Amino acid sequence: MNKRLSMLNRRITFSLILSLLPTSVWAAWQMNMNRGVTDNSVAIYDLHMIVFYICVVISVIVFGLMFWSIFHHRKSKGAVAHQFYESTSIEIIWTLVPIVILVAIAVPATSTLLDTYDHSESDIDIQVTGYQWKWRYKYIGEDIDFFSVLTTPDEEIHNKKEKNPNYLLEVDKPLVVPINKKIRFLFTSNDVIHAWWVPDLALKKDAIPGFINESSTKINTPGIYRGQCAELCGKNHGFMPIVVKAVTETEYIAWLATQKVEKAKMASASKKTWALAELITKGEQVYNKNCMACHLDTGMGIPPVFPALKDSSIVKGSLEAHLDIVLNGKSGTAMSAFGSQLSATEIAAVVTYERNAWGNNMGDFIQPADVENLMGAAK
Amino acid sequence: MTHSATVANHEHGPAKGLSRWLFTTNHKDIGTMYLVFSLCMLFIGGAMAFVIRAELFQPGLQLIEPDFFNQMITMHGLIMVFGAVMPAFVGLANWMIPLMIGAPDMALPRLNNLSFWILPFAFLMMLSTLFMDGGGPNFGWTFYAPLSTTYAPPSVTFFIFTVHMMGLSSIMGAINVVVTILNMRAPGMTLMKMPMFCWTWLITAFLLIAVMPVLGGVVTMMLMDVHFGTSFFDAGGGGDPVLFQHVFWFFGHPEVYIMILPSFGVVSEVLPTFARKRLFGYTSMVYAIVAIAVLSFVVWAHHMFTVGMPLAGELFFMYTTMLIAVPTGVKIFNWVSTMFKSSMTFETPMLFALAFVILFTVGGLSGIMLALAPVDFVYHDTYFVVAHFHYVLVPGAIFGIFAAVYYWLPKWCGRMYDESIAKLHFWLSFIGLNITFFPMHFVGLAGMPRRIPDYSLQFADFNMIISMGAFLFGMSQLVFVYNLFKTLRSGEKSAHRPWEGAHGLEWTVETPAPYHTFATPPKVD
């Protein structure tokens, strides 16, 4: 009995310790910057280390002198204060010496900056657009254009399921780029300011609505590189990761081909006639990916900034008005125009879903082909 | 050398009851109110830091939703900057500047009363936004447009009004300091004989007068964009979101020196006292402060290296920022030289001042790293930046304030604080602070962005350590409050000049400092 109790006791203690330190399993004590996988990132890393060592030397000298004084020039050891309190020459010396050190740092810093700012002659141009809270990648001249959205399930975020190793750093469609090619990124935003950041590329640039920023990179090693949005952009700022998949050139060409096939498949989907149940199933997926962040999975929203869709006068009103707000957004609010973000099929599906979910039960639905006509007419 | 004139004035004591505090024009009463207000704000802002660190204790969302997290980081920043640090310095200025320059009071006593009494209402209004529909400000203390305009919760209007009120209060306080220092110094006290604390505050006051209107301007532009259909920060109407950042940081960078210069002054008072040796290089210290203040106006865009500036802009702001290291270095070298071949003792004010010199230097060195534009592309908006500015603001501004309070508390209340409890407060704070903020350098370099409510798994271990350090640091401030009450209730009576090495006019008045001092000016040779 006693033994059992102590076993139980030990088990409770053990699980308590475990629950306190569940993270030890994932232990990763990275303390320094990544060297990265581009020439520029390596140059930046080297610069970082040079300055770091200079700072260490300065602090050893300053703190050394300070602690030496603290230990030896204390009253309890009978130290008597020497009354010297100015010296112009020493002031000049410790003004000039730091200037020399700073110039020595400024030289490599300037040359690295010049390299970073060289955006000439790119092989591939990709437009990166920040949205609340996802990224859109448009390969200029390739007719490839897609969104990249976080795929970490809600159960993991709310601790109902064990977190996978790429927790919060995983997306449905990564940005695929070839190695050894100069890639030029053009950054902009659809709503607020975001910042596209991949540590391994040492590349961070703000995506600003109404303006275009450029940056370029040339990746040396194939691999998957993960990053995050770096500029506070609203409530799901922490949930819009970036995944870059760097592949060889042949793999890249093959990937381009599959993208074109997919695109053709999507186009034919809008031609067929959909059943209500089919549209609702598809609509729920679209909703979870694009609308749930603000309007929530319950359709309750977070009023007054993000209105509820359940029992909403728009969702339960005329189909045209409902479609209009989804296609064109509402200016002056966070509701963006999804006409430029989703396909006709996706819009038909999500509108149908919203009209029939959460007890809205409107029973009506719209076909992708009709949405396509509407979108075409608007253009 | 107790001043005889002070004794004659005893019958003009404070009024009784609440009206003493509401209508007072006495610099000591107003100073006390500022300091008490700032302590309350420190705990409110600290409680918000507790919420933030509790949520970040483990990966995953446990306690609060992301939108509330954003409100917490915003309010934590605003309250600590405008509610805790700045009023504490104005409180110290009110108490000490007249005593240090031999003036009977501040030059503009009614203005003084008004500039304090604006503050509690401003902060009550700001805190009330947390209970409004749509929540309080959730766009970070830097409130970048258009997140703070088009995409802001409706309470943003209250936030704008609060900023106006705080700005008004700061400007009035600053004008008062400038007028007092320039006009009311005792005969014989030339500017270059003035205590360093007064010098730092004079420069700070000029910075405040220069940049608070800029802050007022930028929030007014926000107000116009939100309510009156203008497009200052909206590209759709011909504006530019980056304009916001330029205007904001033109205020924001001098603002960080506003929060550190008075601490420089405190340390320059405390170090010589406990080293029993005059401050080394007084003249160059004054020039260094002026240089820092002037440079602070031409470095603002180093907060915006990733915004897409032209190359020439990046280079200009990189070089000017690096240049700030020179006068800052001069100050640190002078402090170290003051300690060299001195006769030091280590009472609590000295411990805080020494910790200030060490930890502020750490923050300054990471500042040099951040100044380098190409490397800043990696550091920018990560926890490395969070570590940097907490190293300059917590051991910088806050430790400077603690050093000042322990140093002058005996003069204020006539009683000596409990030295061993004060040392406990210091050591717990020192250890807690370093556990909290040092690992932030590591997670930042490893790639953790700031202002996220949840993070990927590789940052989990350090974040747990950071949170534990933060809880320790926060709780240890209760030791300070306990010591404060203990001192006021039952502290030993203090001598007129409790510190052996202390010089300056403030130690020549009685202890506790009478309600009116220096009715006839002292003579300074």
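At what angle do helix H7 (residues 196–227) of chain B and helix H10 (residues 282–295) of chain B pack, and how far apart are their axes? Select both helices. This is a predicted model. The angle is about 15 degrees, and the axes are 10 Å apart. H7(B) is therefore roughly parallel to H10(B), since the angle falls under 35 degrees. Show side chains next. H7(B) brings B:Met196, B:Trp199, B:Thr200, B:Ile203 and B:Leu207 to the contact, and H10(B) brings B:Met285, B:Val286, B:Ile289, B:Val290 and B:Ala293. The tally is 9 nonpolar, 1 polar and no charged residues. Look down on the pair: the crossing of H7(B) and H10(B) is right-handed.

**Next stop: H4 of chain B and its partners**

Select helix H4 (residues 66–101) of chain B and helix H14 (residues 383–413) of chain B. Their axes lie 11 Å apart, at an angle of about 30 degrees. H4(B) and H14(B) are therefore roughly parallel to each other. Their crossing is left-handed. On the H4(B) side, pick B:Val85, B:Ala88, B:Leu92, B:Trp95 and B:Met96. On the H14(B) side, pick B:Ala397, B:Ile398, B:Ile401, B:Ala404, B:Trp408 and B:Trp412. Colour this contact by class: 11 residues are nonpolar, none is polar and none is charged.

The contact of H3(B) with H4(B) has 23 nonpolar, 8 polar and 2 charged residues.

**Next stop: H11 of chain B**

Select helix H11 (residues 311–339) of chain B. Its 29 residues should span 42 Å at 1.5 Å a residue, and the end C-alpha atoms are 43 Å apart, so the two values agree. Most of this helix is covered, with 21 of its 29 residues buried. Step just past the end of H11(B) to B:Lys341, where phi is positive, about 55 degrees.

**Next stop: where the chains meet**

Show both chains. Chain A puts 86 residues into the contact, and chain B puts in 85. On the chain A side, helix H2 (39–72), helix H3 (88–116) and strand S7 (203–207) each supply at least two residues. Which of the elements gives the most? H2(A) does, with 14 residues. By class, the chain A side holds 52 nonpolar, 23 polar and 11 charged residues.

**Last stop: A:Asp206**

Centre on A:Asp206, in strand S7 of chain A. Is this residue buried or exposed? A:Asp206 has 28 other C-beta atoms within 10 Å, so it is buried. Its contacts beyond four places in sequence include A:Ile193, A:Ala195, A:Asn213 and A:Glu231. Across in chain B, A:Asp206 touches B:Thr306, B:Val307 and B:Gly308. A:Phe187 is another contact. It sits 19 residues from A:Asp206 in sequence, but 7.2 Å away in space, C-alpha to C-alpha.

Technical notes. Residues numbered from 1 in each chain as written. Chains lettered and ligands numbered in written order. Predicted model: local features only at pLDDT ≥ 70, side-chain atom pairs only at ≥ 80, totals over all residues. Axes fitted to C-alpha atoms, helices over the stretch in contact; angles between N-to-C directions. Helix = DSSP H or I, 4+ residues; strand = E, 2+ residues; numbered from the N terminus. Parallel < 35°, antiparallel > 145°, perpendicular 65-115°, else oblique. Left-handed = near helix turned anticlockwise from the far one by under 90°. Contact = placed C-beta atoms within 7 Å. Nonpolar A, V, L, I, M, F, W, Y, C, P; charged D, E, K, R; others polar. Expected span 1.5 Å × (residues − 1). Buried ≥ 20, exposed ≤ 12 C-beta atoms within 10 Å, placed from the backbone.
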